[in-house]
Amino acid sequence: KDDYLLYNAAQRSLDKTIDALGRHRVEENVKLLRSLQQQNDEQCASKVTMPCPEPIDEQEKREHIRLVKESCYFSDIGCGHACTDEVLADYAEKEWA
């Protein structure tokens with residue numbers, strides 16, 4: 001019961017915020033966000049090394065750990081941030097050129 005009350009209150013609040021900002025403006029920004037997410041997925045998926053699974057071979061494991069440290073902020077947090085930064089920089093350069 002409480003979950004529904006919280007959900008409904010949050011939904012009403014979100015609807016009011018969207019109306020205050022302008023529904024068209026919010027929809028355009030959601031489209032942009034989804035487009036940037038798709039570009040990020042396409043450009044970055046092959047460049048990110050996730051922490052799991054870890055290789056069994058010790059030499060491969062050391063290389064994997066090195067790549068994870070380069071790819072993630074900490075543990076499995078923020079993996080791929082460098083590539084995402086590049087995608088956003090490319091967008092900004094084109095948008096504000």
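Numbering the bonded cysteines of the chain in sequence order, what is the pairing?

Reply: With the bonded cysteines of the chain numbered in sequence order, the pairing is 1-4, 2-3. A word on the ground rules: this is a predicted model, in which local features need pLDDT of at least 70 and side-chain atom pairs count only at pLDDT 80 or more, while totals for chains, interfaces and linings use all residues. Residues are numbered from 1 along each chain as its sequence is written, and side-chain values use heavy atoms, with hydrogens and water left out.

Confidence comes next. pLDDT is the predictor's confidence in each residue, from 0 to 100; the chain has a mean of 90, and 100% of its residues reach 70 or more. Helices here are DSSP runs (H or I, at least four residues), numbered from the N terminus.

Now the disulfides, each being a pair of cysteine sulfur atoms within 2.5 Å. By this rule the count comes to 2 disulfides. One of them joins cysteine 44 to cysteine 83, with 2.0 Å from S to S. Its torsion of -85° about the S-S bond makes the link of cysteine 44 and cysteine 83 left-handed. Cysteine 44 belongs to helix α2 and cysteine 83 to helix α4, so this pair ties together parts that are 39 residues apart in sequence. Cysteine 44 is buried, at a relative accessible area of 3%, and cysteine 83 is buried too, at 8%; buried means under 20% relative accessible area, exposed over 50%, and partly exposed in between (1.4 Å probe, protein chains only).

A disulfide also joins cysteine 72 to cysteine 79, with 1.9 Å from S to S. The torsion about the S-S bond of cysteine 72 and cysteine 79 is about 100°, so this disulfide is right-handed. Cysteine 72 is buried, with 5% relative accessible area. Cysteine 52, by contrast, is in no disulfide; the nearest cysteine sulfur, that of cysteine 79, is 9.6 Å away. Cysteine 52 is exposed, with a relative accessible area of 66%.

Let us turn to the sequence around these cysteines. Glycine 80 is found in the loop between α3 (58-71) and α4 (81-95), and it is buried at 8% relative accessible area. Leaving aside neighbours within four places in sequence, glycine 80 is in contact with Val48 and Ser71, where contact means heavy atoms within 4.5 Å. Histidine 64 lies in helix α3 and counts as buried at 12% relative accessibility. With neighbours within four places again left aside, the contacts of histidine 64 are Thr49, Met50, Pro51, Pro53, Glu54 and Pro55.

Finally, a look at helix α2, which holds cysteine 44. Helix α1 (residues 2-21) and α2 pack at an angle of about 100°, with their axes 5 Å apart. Axes are lines fitted to C-alpha atoms, for helices over the stretch in contact, and angles run from 0 to 180 degrees between N-to-C directions. α1 and α2 are therefore roughly perpendicular to each other, a term for angles of 65 to 115 degrees, with those under 35 roughly parallel, those over 145 roughly antiparallel and the rest oblique. In this packing, Asp15, Ile18, Asp19 and Leu21 in α1 meet Arg23, Arg25 and Val26 in α2.

Notes: Helix = DSSP H or I, 4+ residues; strand = E, 2+ residues; numbered from the N terminus.
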